[in-house]
Amino acid sequence: MSDLARARRCPLSADLSADTLDKLDTLKPARARWSAARADAASRTRAALHRALPALGLFAAARLAGMAFMALWAWHIGRSPRALLAYSWDSRWYAHIAAHGYGRTLRFPGIVQSDLAFFPLYPGLIRAVTGVLPVTGGTAGLLLSWSAAGVAAWGIYLVGERLHGRTTATLLVLLWGLLPHSIVLSMAYTEPLLTAFAAFSLYAVLTRRWLWAGGLAVLAGLSRPSGIAVAAAVSVTAAYELVRLRGRGPWRLWAGAAVAPLGWAGYVLWVGVRVGDPLGGYFAVQRGWSSRFDLGAGSLGVVQDLVTRRADLGFPVALLVVAVAVVLFALLTLAGPPLPVLVYSTVLLLITVGGSGFFESKPRFLLPAFPLLLPLAAALRKARPRAAIVVITALAGLSFCYGTYLLTLASMAL
């Protein structure tokens with residue numbers, strides 16, 4: 001064959017030089033290792049999901065029973081269960097943002113409620129779903145929340161299994177699905193989405209997958225204001241590791257710590273620029289909703305009012321839930337949890353207890369704080385089966401009845 005003909009041949013043809021063949025031979029092991037790694041990762045994911053199936057089944061049964069209980073009462077009083085789940089309180093704001101974008105403001109005496117207070121990921125996902133499926137914004141919100149709740153339950157199981165084993169992890173997931181405010185996990189709200197990102201981000205930190213941890217923290221920070229707790233858990237743990245390693249940590253550790261706060265900080269800065277105050281604009285928007293961080297001064301005033309006057313049932317229940325959360329946090333701290341779990345729980349509890357405004361919503365704000373349930377799950381694992389069944393049955397009754405009350409009878413904001 002002439003030199004010209006050989007030069008015109010396709011480089012992928014069978015007539016390859018010895019050097020090219022040697023190079024291809026060196027690539028085969030790398031490709032084989034990559035394929036084997038992917039297959040191994042898929043196998044481990046399937047195995048993890050298989051282990052979690054009993055917990056996920058119990059969680060689904062708890063939430064379906066809670067929704068069925070609420071639906072029966074709603075139909076009894078002539079109200080639509082779907083409308084209650086899809087368009088109650090904040091759900092309407094999310095659906096409006098998804099359909100029309102930001103820019104809605106409601107003004108009342110002493111109150112200016114701007115939709116800029118709501119973080120963008122959830123309404124953005126609603127918009128994406130309605131662009132693909134022939135459903136309304138409310139239905140899209142429910143599909144997202146239900147899916148996120150299931151993913152969150154899996155992530156919670158993985159964290160619990162890594163820390164305390166399968167039985168405790170299963171009880172942890174079940175307890176999370178039977179909290180007094182767990183009806184929110186079945187509504188078009190953002191708590192399931194945040195919890196899903198938070199649980200898997202914490203699991204990624206515990207297993208030293210720093211890029212995953214940082215990326216999921218970014219998404220958590222775009223979901224809710226309290227998503228900053230996930231970024232804090234990732235960044236503080238990464239900083240501790242860097243100190244321990246004297247700054248010689250791998251680049252993935254540095255990268256995960258660096259990107260973790262970007263979701264939350266990016267949206268806060270964007271709102272600030274939009275309202276003309278880059279650093280303080282978002283917090284001014286929150287003050288318009290009577291929401292601010294005052295180290296609990298506003299909440300203390302609400303507690304004092306509860307002593308002197310009658311209030312909606314939701315206020316004393318919120319006080320009780322917060323008090324129990326503080327006790328559970330103390331027990332969790334005494335048990336010596338891993339640093340990311342402790343930081344995440346601390347920041348969430350601090351935001352909830354130290355923030356003022358919408359006191360009745362504080363139990364909802366605590367829904368993503370699933371690590372607080374670890375001491376109770378561990379105690380139930382050690383208890384006699386009959387005692388554990390009694391406790392779980394009582395929690396189920398409270399959850400179903402109180403969730404129904406919140407959606408069908410209560411006049412306070414959820």
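In which helix is Arg127 found? Arg127 belongs to helix α5, which covers residues 121–132. This report describes a predicted model, beginning with the chain as a whole and then turning to single residues.

## The chain as a whole

The protein chain contains 19 helices and four strands. Along the principal axes, its C-alpha atoms fill a box of roughly 100 × 60 × 50 Å. The chain has 414 residues, and 46% of them count as buried. Among contacts with a separation of 6 or more, 74% are made by residues 24 or more positions apart.

The accessible surface of the chain is about 20500 Å², and carbon and sulfur atoms account for 67% of that surface. Charged side chains number 38 positive and 16 negative, and the centres of these two sets are 6 Å apart.

## The nonpolar core and Leu85

The largest nonpolar core holds 114 residues. Within this core, the residues that touch the most other members are Leu85, Trp176, Tyr344, Phe370 and Leu407.

Apart from neighbours within four places in sequence, Leu85 is in contact with Met67, Met70, Ser91, Leu142, Ile183, Ser186, Met187, Ala188 and Leu407. One of these partners, Leu407, is also listed among the core residues that touch the most other members.

## A hairpin of two strands

Strand β1 (residues 105–108) and strand β2 (residues 111–114) run antiparallel and are joined by four bridges. Across this pair, Arg107 of the chain stands opposite Val112 in β2. The two strands form a hairpin with two residues between them. Gly110, in the turn, has a positive phi of about 80 degrees.

## Two residues with positive phi

Most residues other than glycine have a negative phi. Two exceptions in this model deserve attention. Trp89 has a phi near 55 degrees, a positive value in a residue other than glycine. Trp89 lies in the loop between α3 (81–86) and α4, and its relative accessible area of 33% makes it partly exposed. Leu295 also has a positive phi, of about 60 degrees, although it is not a glycine. The loop between β3 (292–293) and α14 (297–308) contains Leu295. Because its relative accessibility is 70%, Leu295 counts as exposed.

Leaving aside neighbours within four places in sequence, Arg127 is in contact with Ala98, Ala99 and His100.

Ala98 is located in helix α4 (residues 90–100). Ala98 is buried, since its relative accessible area is 7%. Beyond its neighbours within four places, Ala98 is in contact with Pro123, Ile126 and Arg127.

## Distances along the chain and in space

| Pair | Separation in sequence | C-alpha to C-alpha distance |
|---|---|---|
| Arg127 and His96 | 31 residues | 10.0 Å |
| Ala98 and Phe108 | ten residues | 24 Å |
| Val151 and Leu85 | 66 residues | 19 Å |

## Three further residues

Is Ser345 buried or exposed? Ser345 counts as buried because its relative accessibility is 0%. This residue is found in helix α16 (residues 339–354). Not counting residues up to four places away in sequence, Ser345 touches Phe329, Leu332, Pro371 and Leu372.

His181 lies in the loop between α7 (166–177) and α8 (191–206).

Val151 is placed in helix α6 (residues 137–164). With a relative accessibility of 39%, Val151 counts as partly exposed. Setting aside neighbours within four places in sequence, Val151 is in contact with Ala196 and Phe200.

Methods
Residues are numbered from 1 along each chain as its sequence is written. Side-chain values use heavy atoms; hydrogens and water are left out. Buried means under 20% relative accessible area, exposed over 50%, partly exposed in between (1.4 Å probe, protein chains only). Contact means heavy atoms within 4.5 Å. Accessible areas come from the Shrake-Rupley method with a 1.4 Å probe; for residues, only the protein chains shown count as cover. Lys and Arg count as positive and Asp and Glu as negative; His and the chain ends are not counted. The place of a charge is taken as NZ of Lys, CZ of Arg, CG of Asp or CD of Glu. A nonpolar core is a set of buried Ala, Val, Leu, Ile, Met, Phe, Trp, Tyr and Cys residues joined through side-chain atoms within 4.5 Å. Two strands pair if DSSP finds at least two bridges between them.
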